[in-house]
Amino acid sequence: MLNRKPFMLSKIKLRGGCYCRLFSSQTGVGDIEVPFSNGTLLRLSTGRYARFADGACVATLGNTSVLSTVVSKAKQSSGSFLPLVVDYRQKAAAAGRIPTNFLRRELGPSEREILTSRLVDRSVRPLFPQDYSYDTQLACNTLAVDGINTPETVAINAASAALALSDVPWNGPIGAVRLGQIDNEIIVNPTGRDLDNSSLNLVVAATTNNLVVMLEGFANDILQQDLLKAIKLGTKEAQHVVRAIEKLQKTHGKKKREYEKSPELDPNIVDSIKTLSTMKLREILSDSSHDKVSRDMAISELRQTVLNQLRDTQVDVGILQDGFNAHLRQTFRDVIFETDTRCDGRGLDDLRKINCEVSLYEPLHGSAVFQRGQTQVLCTVAFDSPDSALRLDPLSALTGGEREKSFFLHYEFPSYATGEVGGRSGPARREAGHGALAERGLAPLVPRQPYTVRLTAEVLESNGSSSMASVCGGSLALLDAGVPLRAMAAGVAVGLVSRYHDGHMHDYRILTDLLGIEDYMGDMDFKVAGTKKGVTALQADVKVPGLPLKVLMESVQKACDAKSRILDIMNKCIDKPRQDKKENMPVTEELQVEMHQRSKLLGPGGINLKRLYIETGVQVSAVDEARFSVFAPSRAALEEARSRIAAWLSAGRAPDLEFGAVYRARVLELRDCGVMVALHPDMAPALLHNSQLDHRKIQHPSALGLEVGSELQVKYFGRDPVSGQMRLSRKALISPPPALPRNLHRS
């Protein structure tokens with residue numbers, strides 16, 4: 001329920017009537033401005049909209065505004081995790097547009113909306129209490145988009161303020177800023193035009209004490225030192241937002257609600273779990289002969305054994321299982337801290353065994369398989385015409401600054417990659433996010449091509465870091481297809497296990513080339529892609545309430561070192577673009593056509609080019625009035641298209657007819673309404689109507705002795721302005737019969 005507020009009703013007497021105005025003494029409305037170092041202002045406002053929500057805030061940067069609301073159920077969910085849903089929606093009305101679909105309304109989420117939802121989710125999730133398991137929804141709706149300031153960081157800051165102002169337990173706030181780099185200068189909150197000229201597009205989310213909770217960005221092979229400089233500046237600028245939200249929270253925030261926590265296990269049962277499982281767990285986690293499947297099976301068998309032995313304790317099986325999993329996680333981390341050795345026998349900085357192979361199947365334009373440990377990705381490259389470019393919806397193009405993509409990557413993660421059963425549905429949010437990250441890691445290195453390039457990355461086996469394996473495999477496949485990359489790219493994931501004391505991290509270990517179990521049991525999944533020179537893409541998922549900058553800087557260094565070692569291995573497989581072209585490689589060329597011959601090339605209604613595409617697969621697109629671009633899927637198809645086009649252009653041209661001139665026509669067909677005649681072999685037959693055959697009324701052309709093949713003279717009177725058919729007349733060339741005298745006198 002809304003708080004009841006006193007109102008005042010004032011009346012102002014005007015000529016001809018009374019004007020009433022309602023004034024509110026509401027005090028729940030709050031505004032604050034956040035100044036950044038470059039002079040830009042972020043405005044945060046609460047208390048005006050969505051007051052039934054647990055928390056709501058409108059964030060405005062320039063003329064771009066986003067409303068974020070949070071609602072959390074009062075009843076605890078059955079799971080032991082946080083069921084958080086983030087839904088970001090771009091409203092067409094916010095940009096003064098109407099959706100272009102059939103229903104003219106917003107339908108399912110676009111890829112950009114999914115990526116922004118994931119961005120907000122990964123920023124706020126680490127700061128929820130670990131024992132908070134209540135259904136929570138964050139909804140971020142764009143209210144206004146000016147096409148200058150991008151809405152992603154605005155949405156993160158609005159979500160942060162909404163959570164801080166609400167009664168939902170959350171250990172925020174956080175602040176988010178976007179950073180660019182132009183002429184070696186770091187730009188804070190760059191505009192869309194700035195990003196077009198920027199070599200960096202980085203989003204940094206941080207909380208108090210300069211702790212980083214989320215990183216995501218891509219760059220044009222930026223140097224490591226420039227990236228670290230941008231991260232430090234972004235963390236510093238985010239503190240302005242954090243302090244402003246804290247001020248707003250003190251004056252307008254709600255008291256955090258008390259919530260029911262899951263019952264804790266009896267200490268005696270916890271000791272029993274440790275006694276029954278510790279030695280065996282350490283043995284399993286120290287046995288490097290285990291692979292993913294055998295290790296998981298051994299742990300599952302041990303878990304079941306422990307649960308069976310504790311069945312008489314009358315404790316719920318789910319609670320016992322949570323207790324075992326918590327002990328497993330702690331034991332896993334303790335083994336790493338004590339031995340500096342991981343569960344597969346590697347050291348902290350060691351890479352898994354890597355195998356690469358290219359040119360797998362002859363019909364493919366380019367192919368490669370990249371195997372790193374038990375992560376295997378098959379990448380294929382397909383070339384197609386420029387018309388096959390991926391065109392974005394108008395609103396995504398407005399907010400993202402990109403209208404179409406001639407290079408794009410599709411990431412697929414089928415269920416069999418983890419030995420599970422599942423249906424073949426469309427890409428989920430996770431697949432969209434991993435595919436976008438891999439695409440950003442390669443896109444700056446792919447030069448502009450005369451055709452569209454589609455790279456598919458299908459994960460065949462997964463045991464950690466499949467998105468970075470897609471970058472490695474994609475780089476190999478592009479080189480196998482003959483694409484002249486500016487440099488080879490590789491990617492690696494870096495993890496973390498840490499120990500806390502009095503709320504501060506006092507010890508940690510950084511894990512290079514992350515395993516699946518290390519991702520699940522650890523505190524960070526930091527993915528970095530790039531060349532030997534620099535970085536092209538990065539993404540940091542943090543599971544602790546913020547990372548110190550020291551740990552983050554060290555992680556970047558470890559990732560760059562590992563990336564260079566991976567590139568050395570990849571170079572042994574293929575180190576330059578394929579020079580010998582395959583027979584099925586597409587071919588493009590430019591065709592010059594004179595203005596008066598365009599109609600011959602196109603045919604009536606463009607039928608020639610449509611038939612050419614259907615029968616040969618060759619696409620012909622107009623570049624300007626005299627030039628056409630020809631795309632052929634193979635050299636043989638191009639030769640076939642050349643012969644057909646040459647035949648069309650060399651065909652005889654029908655003569656131009658003169659208005660009022662007399663021409664000889666040949667009868668092709670007799671009809672009830674007239675005769676079909678041909679004036680020239682290259683001209684379409686025309687109808688000579690019965691009314692134009694003779695001055696007398698004719699029921700059928702045979703009455704005049706006309707037959708198929710007979711010739712007659714006709715007069716040309718132009719074309720009908722509606723149908724375009726020729727207007728011909730034989731009657732105009734025949735003298736009318738003499739008039740007969742009529743007797744007007746009656747007999």
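A search of the whole structure, which is a predicted model, finds eight aromatic pairs, where rings of Phe, Tyr and Trp (its six-membered ring) pair if their centres lie within 6.5 Å, and where planes under 30 degrees apart count as stacked, over 60 as edge-to-face and the rest as tilted. A pair of aromatic rings is described by the distance of the centres and the angle of the planes. Let me take Tyr-132 and Tyr-259, whose ring centres are 5.1 Å apart with the planes at 90°, so this pair is edge-to-face. Tyr-132 sits in the loop between α1 and β8 (134–144), while Tyr-259 sits in the loop between α4 (224–252) and α5 (267–286), so the pair ties together parts that are 127 residues apart in sequence. Helices and strands here are DSSP runs, numbered from the N terminus, with helices being H or I of at least four residues and strands being E of at least two.

Tyr-132 and Tyr-259 are both buried, and by that word I mean under 20% relative accessible area, with exposed meaning over 50% and partly exposed in between (1.4 Å probe, protein chains only). Tyr-259 also pairs with Tyr-134, the ring centres being 6.1 Å apart and the planes at 80°, so that pair is edge-to-face. Because Tyr-134 lies in strand β8 and Tyr-259 in the loop between α4 and α5, the pair ties together parts that are 125 residues apart in sequence. Tyr-134, at 3% relative accessibility, counts as buried, and Tyr-259 is buried with a relative accessible area of 19%. Which residues do the ring pairs link into a cluster? They are Phe-128, Tyr-132, Tyr-134, Trp-170 and Tyr-259.

Before I go on, two notes on conventions. Residues are numbered from 1 along each chain as its sequence is written. Because the model is predicted, local features need pLDDT of at least 70 and side-chain atom pairs count only at pLDDT 80 or more, while totals for chains, interfaces and linings use all residues, and side-chain values use heavy atoms, with hydrogens and water left out.

Turning to helix packing, α1 (residues 111–124) and α2 (residues 152–165) pack at an angle of about 40°, with their axes 10 Å apart; the axes are lines fitted to C-alpha atoms, for helices over the stretch in contact, and angles run from 0 to 180 degrees between N-to-C directions. The two helices, α1 and α2, are therefore oblique to each other, given that angles under 35 degrees count as roughly parallel, over 145 as roughly antiparallel, 65 to 115 as roughly perpendicular and the rest as oblique. On the α1 side, Arg-112, Thr-116, Leu-119, Val-120, Ser-123 and Val-124 meet Glu-152, Ala-155, Ile-156, Ala-159 and Leu-163 in α2, contact meaning heavy atoms within 4.5 Å. The residues of this contact of α1 with α2 divide into seven nonpolar, two polar and two charged, where Ala, Val, Leu, Ile, Met, Phe, Trp, Tyr, Cys and Pro count as nonpolar, Asp, Glu, Lys and Arg as charged, and the others, Gly among them, as polar.

How are α4 and α12 oriented to each other? The axes of α4 and helix α12 (residues 549–573) come within 11 Å and cross at roughly 155°, and α4 and α12 are therefore roughly antiparallel to each other. In α4, the residues Gln-224, Leu-227, Leu-228, Ile-231, Lys-232 and Thr-235 meet Leu-549, Leu-552, Met-553, Val-556, Gln-557 and Cys-560 in α12. The contact of α4 with α12 divides into eight nonpolar residues, three polar and one charged.

Back in helix α2 we find Asn-157, which is buried, with a relative accessible area of 2%. Leaving aside neighbours within four places in sequence, Asn-157 is in contact with Leu-42, Ile-174, Gly-175, Ala-176, Val-241 and Ile-245.

I will end with the backbone. Most residues other than glycine have a negative phi, and most peptide bonds are trans. The peptide bond from Gly-172 to Pro-173, however, is cis, with omega near 5°, and Pro-173 is found in the loop between α2 and β9 (175–182). Asp-183, although not a glycine, has a positive phi of about 55°, and Asn-184, also not a glycine, has a positive phi of about 65°. Asp-183 is placed in the loop between β9 and β10 (185–188) and, at 73% relative accessibility, counts as exposed; Asn-184 is placed in the loop between β9 and β10 and, at 63%, counts as exposed.
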